[in-house]
Amino acid sequence: MSSPFRFEVLHTCKQSGARTGILHTPHGSVLTPMFMPVGTLASVKFVSPEELKEMGSQVILSNTYHLWLRPGEKIVEKAGGLHKFMNYDGPILTDSGGFQVFSLAKTRKIKEEGVSFKSHLNGDSLFLSPEKAIEIQNALGADIIMSLDECPAFPSTHAYMKDSVDRTTRWAKRGKDHHKNENQMLFGIVQGGEYEDLRERSAKALVDLDFPGYSIGGTSVGESKETMYKMIDYAIKHLPLEKPRYLMGVGTTDAILEGVLRGVDMFDCVLPTRIARHGTVMSSHGRINITNKKFEEDFTALDHECDCYTCKNYTRAYLRHLVKCNEGLGMRLLSIHNLRFLLKLTEEIRTAINEDRFLDYKNELFEKYDLNSVDSKGF
RNA sequence: GGGGGGGUAGCGAAGUGGCUAAACGCGGUUGACUGUAACUCAAUUCUCUCCGAGUUCGGCGGUUCGAAUCCGCCCCCCCCCA
């Protein structure tokens with residue numbers, strides 16, 4: 001009996017070397033490159049699973065640390081697993097909680113055995129080990145799960161990063177040894193910061209452990225775009241072509257295009273949904289803040305080139321009004337738009353790759369959005 | 001008619017002689033947000049400007065070196081009793 005998972009590279013763009021692929025999971029097959037909406041607490045804020053499917057979303061992310069604390073993985077298990085719990089029958093990916101090691105850094109202590117945390121909810125002392133992270137994810141039941149890693153701050157010294165990378169590798173091995181459920185695909189996470197030798201060291205060590213897929217972590221933590229692109233280059237050239245690559249936490253238009261060019265298959269990011277709740281719209285002409293006064297009497301669609309539910313039915317003036325009044329519907333409609341914007345982007349990327357014109361497509365977008373003038377911020 | 005309370009920046013509301021162009025909240029404007037402690041956070045919000053200057057705390061007039069703060073008169077609002 002072979003694994004329910006299989007990744008195939010479908011086409012490699014003759015013009016750019018970027019690739020399309022298909023990843024088969026027990027909950028369906030998904031096309032890459034793809035963008036995965038983030039639903040940390042088993043919910044993409046303000047958007048239902050049905051709506052996500054309808055807009056072309058293929059995989060939903062959720063989070064081990066957060067579900068561990070609330071409602072607790074046992075509850076999710078009793079519910080029949082994450083899919084049943086959240087009423088979503090498509091593929092789910094859970095992050096290991098490694099990012100929380102970074103984002104909740106004030107209250108953590110990293111040791112060889114694992115990470116001591118203080119709960120951000122009530123201050124409880126918690127301990128997360130690589131094995132525990134796997135156990136929780138086994139109970140949650142996502143299709144794709146992550147090794148517990150350390151996501152070091154940027155910048156970190158070479159010496160610190162080397163220790164960290166080696167520990168993350170040891171954690172990856174421990175997690176892999178502990179993982180018994182073959183209906184879940186466990187990824188290793190490449191770290192190493194901006195150091196080429198450490199990215200290589202990390203990637204090679206993880207490849208030796210033979211994971212079915214590889215993540216690139218430690219990006220979008222304050223480094224420049226150029227540095228991030230180098231981090232991808234340093235890592236990806238040591239990863240096997242036949243395995244999926246997942247660039248964690250990256251979700252601006254320009255970075256997705258650059259990542260795809262470098263061979264990345266999967267992206268996720270809270271950015272589209274978070275900035276939507278705060279009034280920022282990703283559009284075919286760049287980011288706009290819908291709360292700006294200039295939209296007060298703008299009765300046109302958010303983005304004329306968008307085919308999303310929001311753009312088909314609502315005006316900028318109305319959306320501005322909703323967001324300014326703190327209406328949930330406003331956050332919802334902008335979230336739907338921003339997600340569809342990135343999902344549509346990845347659809348177009350796949351088409352362009354399959355037609356061997358990804359480079360042209362990418363250049364057209366960069367020109368259209370004038371990304372060069374705003375690349376410090378990204379799109 | 002009698003008694004009481006009050007009028008502070010767009011709104012609400014502190015402040016009761018100098019450290020006050022005036023706390024704080026709301027509203028307004030702008031910005032940030034990248035494996036979500038995030039319906040969050042930051043800046044700005046009398047006028048003109050580059051430091052800086054000029055007008056303010058119902059109105060007018062006083063006291064004082066100095067007043068939103070003390071005194072006098074006037075205007076307006078609210079509550080209670082007749």
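1. Which polar backbone atom lies 2.3 Å from a sugar or linking oxygen of RNA strand B? The answer is one in G249. That counts as a polar contact, here a pair of N or O atoms within 3.5 Å (within protein, one must be able to donate a hydrogen and the other to accept it, and residues adjacent in sequence count only if both atoms are side-chain atoms).

2. A word on the ground rules, since this is a predicted model: local features need pLDDT of at least 70, side-chain atom pairs count only at pLDDT 80 or more, and totals for chains, interfaces and linings use all residues. Residues are numbered from 1 along each chain as its sequence is written, chains are lettered from A and ligands numbered from 1 in the order in which they are written, and side-chain values use heavy atoms, with hydrogens and water left out.

3. Helices (H or I, at least four residues) and strands (E, at least two) are DSSP runs, numbered from the N terminus. The largest share, five residues, comes from α11.

4. Around RNA strand B there are 44 residues, of which C151, G249, V270, R277 and K324 come nearest; a residue is near if one of its heavy atoms lies within 4 Å. Of the RNA atoms within 4 Å of the protein, 49% belong to sugar or phosphate and the rest to bases. By class, this surface has 13 nonpolar, 18 polar and 13 charged residues. Nonpolar means Ala, Val, Leu, Ile, Met, Phe, Trp, Tyr, Cys and Pro, charged means Asp, Glu, Lys and Arg, and the others, Gly among them, are polar.

5. On the cysteines, a search of the whole structure finds zero disulfides, a disulfide being a pair of cysteine sulfur atoms within 2.5 Å. The sulfur of C311 has its closest cysteine sulfur in C308, at 3.7 Å, which is too far for a bond. C311 is buried at 9% relative accessibility, and C151 is buried too, at 5%. Buried means under 20% relative accessible area, exposed over 50% and partly exposed in between (1.4 Å probe, protein chains only).

6. Back to β5: I60 and S62 point one way and L61 and N63 the other, and all are buried. β5 pairs with β6 (residues 92-95) in the parallel sense over four bridges, where two strands pair if DSSP finds at least two bridges between them. L61 has L93 as its bridge partner in β6.

7. β15 (residues 280-283) and β16 (residues 286-289) are antiparallel partners over four bridges and form a hairpin with two residues between them. Within this pair, V281 is bridged to I288.

8. Finally, helix α14 (residues 328-354) has 27 residues and reaches 39 Å from its first C-alpha to its last, close to the expected 39 Å; the expected span is 1.5 Å times one less than the number of residues. In α14, 20 of the 27 residues are buried, so the helix is largely enclosed by the rest of the structure. Just after α14, D356 takes a positive phi of about 55°.
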